2 protein chains.
Amino acid sequence: MLSEFSLIDRFFARRAAAGRPANAEGGTLGIGDDCALLAPPAGEMLAISTDMLVEGRHFFADIDPEALGHKALAVNLSDLAAMGAQPRAFTLALSLPKADEAWLSGFSEGLFVLAERYGCELIGGDTTGGPLNLCITVFGSVPPRTALRRDAAQPGDDIWISGTLGDARAGLGAQRGEWSATANDAATFRRALERPEPRIALGLALRGIAHAALDLSDGLAGDLRHILERSSVGASVDVDAVPRSAALRRLPPDVQQRCTLAGGDDYELCFTAPAAARAAVEAAAQKAAVPVTRIGTISALEAATDRPAIAWRNASGAPLTLTLQGFDHFHAE
Amino acid sequence: MLSEFSLIDRFFARRAAAGRPANAEGGTLGIGDDCALLAPPAGEMLAISTDMLVEGRHFFADIDPEALGHKALAVNLSDLAAMGAQPRAFTLALSLPKADEAWLSGFSEGLFVLAERYGCELIGGDTTGGPLNLCITVFGSVPPRTALRRDAAQPGDDIWISGTLGDARAGLGAQRGEWSATANDAATFRRALERPEPRIALGLALRGIAHAALDLSDGLAGDLRHILERSSVGASVDVDAVPRSAALRRLPPDVQQRCTLAGGDDYELCFTAPAAARAAVEAAAQKAAVPVTRIGTISALEAATDRPAIAWRNASGAPLTLTLQGFDHFHAE
């Protein structure tokens with residue numbers, strides 16, 4: 001069995017060092033000291049987010065370790081995307097039941113391929129024995145005035161979604177036997193569940209255009225509510241406009257609705273922008289090569305004491321009564 | 001059972017917000033968005049460190065949750081101290097088997113009392129169900145040229161230790177029944193194990209005086225070797241000079257040696273400084289109200305191909321052969 005230090009060195013430190021720019025002198029101090037040293041570019045701030053992934057809750061024990069390495073970093077990068085931040089660096093803390101070389105090799109491969117694609121350097125971490133647990137903290141940079149916050153939605157804003165929703169939840173249900181799908185569709189769903197793609201390019205392109213944004217990790221119904229509460233506004237959403245994949249459209253309508261509105265694990269961006277910015281939003285999406293879809297409108301609260309809520313309606317404008325909740329990690333699903 | 005959001009809000013977010021300066025406008029954006037926003041003061045860098053604590057490995061299941069909240073943050077602040085960094089902020093990711101209100105109340109109390117003492121703001125986090133696991137990432141600020149690195153030890157430097165070593169390991173052994181101690185001494189050891197005090201003031205006072213530094217988390221023998229390897233130097237250490245508490249001096253000599261040299265969990269600083277700076281080191285220690293002790297000397301490697309090593313000797317200068325290893329989380333102890 002590898003000792004902690006040789007394990008870190010073999011799978012993480014060496015590759016992290018290999019990916020560092022040659023001119024790092026005076027800049028980042030990474031793995032091997034008590035702390036890493038990092039500064040944002042002049043005039044910018046560091047955007048910081050942390051996520052913890054636990055076996056049996058965020059992934060299955062039999063997940064391909066390469067997919068897990070990808071997903072563990074992807075969900076963190078997704079938070080940077082939602083802020084309009086440029087990825088810079090990350091730390092990785094890892095609790096492992098045993099130091100399995102094949103597992104570590106696959107995991108680190110999935111992790112570093114994604115990290116290198118976004119120029120995101122591993123600058124520190126911790127490794128310990130224990131039940132499998134991954135905690136990544138990610139650092140991006142963003143000019144403070146163009147950061148996409150949750151509290152900036154304005155009445156009259158359009159509500160937009162990137163990509164399609166619901167495939168990851170459909171994949172979870174297919175694995176659990178809640179519904180069945182063709183082999184092709186099941187592969188599509190599984191890919192969405194295991195290989196989410198952070199919308200970094202879209203987040204960057206939306207700087208100065210979008211008002212509020214977040215990434216959809218716990219389901220549209222629950223996550224949109226965070227924007228509403230922090231911005232003190234309401235929303236009207238056309239459930240038929242919520243974009244879904246061709247594969248998802250082959251599942252029963254009630255399953256589609258459950259997966260798209262309360263599914264979770266989508267890691268698409270939900271953002272608001274003024275109606276006057278529609279062309280700018282479309283241009284940003286084209287630049288980022290990510291489709292975006294308008295699904296609703298932000299409204300003013302009728303009274304300051306009103307609780308922000310989502311008015312669901314269908315394509316013909318008829319109101320719907322839905323009892324949906326976002327995924328909550330302390331509720332048994 | 002509390003849901004995740006109300007749990008975070010009740011025990012963490014509200015208290016974090018209460019501790020935030022009123023003029024945070026345009027500065028830090030903390031809990032409640034996809035990312036926190038943070039920037040170091042002009043001309044400084046962020047010092048970043050992450051530690052993961054797992055039940056049964058870093059603490060016992062029956063640990064007082066308040067002590068655990070203290071220790072989880074203290075071990076991270078200790079990494080800032082070892083860098084000469086001023087604490088600024090931290091994130092907390094928490095995996096919990098259940099949302100136990102009494103436990104969370106105690107844990108958050110221990111955490112925030114220490115955080116508030118050092119002006120260290122909780123700016124984000126994650127909470128999930130799962131085996132108990134705590135991952136804290138801490139942020140300090142430091143001018144890059146006066147950061148206390150591991151790779152800056154010079155031949156001729158004195159080697160210094162803050163406080164005393166070995167009490168935490170003595171406490172672990174007493175709990176395990178490896179040795180026995182009086183009730184008073186056992187309480188001293190237990191306090192060292194559960195309530196380490198990060199040497200922040202000393203780290204700040206040593207800026208511009210010390211050459212290299214680190215904090216002792218895995219035992220002097222293993223940790224000092226990190227300085228030697230990164231600085232490409234050797235060391236001579238007088239084992240009789242290594243400071244130990246009155247309580248530890250009441251345990252058998254072989255236990256004292258094992259606890260002081262290979263004990264771990266001390267969270268004292270080990271640093272090197274030129275002999276000409278002895279008065280400056282003493283003044284810094286006095287300013288920080290922490291005793292410091294000289295235990296040895298840094299030496300040049302005889303050949304560039306030599307492996308950095310520690311030459312152990314006793315008070316009369318006679319060489320000792322010790323086979324000690326730092327604590328390694330993948331070795332069964």
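**Briefing: chain contact, salt bridges and strand pairing**

In chain B, strand β6 (residues 158-162) and strand β10 (residues 292-300) pair in the antiparallel sense over five bridges; strands are DSSP runs (E, at least two residues) and helices are DSSP runs (H or I, at least four residues), both numbered from the N terminus, and two strands pair if DSSP finds at least two bridges between them. This is a predicted model, in which local features need pLDDT of at least 70 and side-chain atom pairs count only at pLDDT 80 or more, while totals for chains, interfaces and linings use all residues. Residues are numbered from 1 along each chain as its sequence is written, chains are lettered from A in the order in which they are written, and side-chain values use heavy atoms, with hydrogens and water left out.

**Strand pairing in chain B**
- In β10(B), G296(B) is the residue opposite V237(B).

**Interface of chain A and chain B**
- Chain A and chain B each bring 71 residues to the contact, where contact means heavy atoms within 4.5 Å.
- About 5,300 Å² is buried between the two chains, and carbon and sulfur atoms give 63% of this area; buried area is the accessible area (1.4 Å probe) that two parts lose on being put together, summed over both.
- The rule finds 17 residue pairs in polar contact across the interface, both residues at pLDDT 80 or more (a pair of N or O atoms within 3.5 Å; within protein, one must be able to donate a hydrogen and the other to accept it, and residues adjacent in sequence count only if both atoms are side-chain atoms).
- On the side of chain A that touches chain B, strand β2 (residues 45-54) of chain A gives the most, with nine residues.
- Strand β2(A) is joined to strand β1 (residues 36-38) of chain B by three bridges, and the two run antiparallel.
- L37(B) in β1(B) is the bridge partner of A47(A).

**Salt bridges**
- Over all chains the count is 26 salt bridges, each a side-chain nitrogen of Lys or Arg within 4 Å of a carboxyl oxygen of Asp or Glu.
- Four salt bridges lie between chain A and chain B; D33(A) and R150(B) meet in a salt bridge at 4.0 Å, N to O.
- Within chain A, E197(A) and R117(A) form a salt bridge whose closest N and O atoms are 2.9 Å apart.
- This pair links distant parts of the chain, 80 residues apart: E197(A) is in the loop between α5 (183-194) and α6 (200-205), and R117(A) is in helix α3 (residues 101-117).
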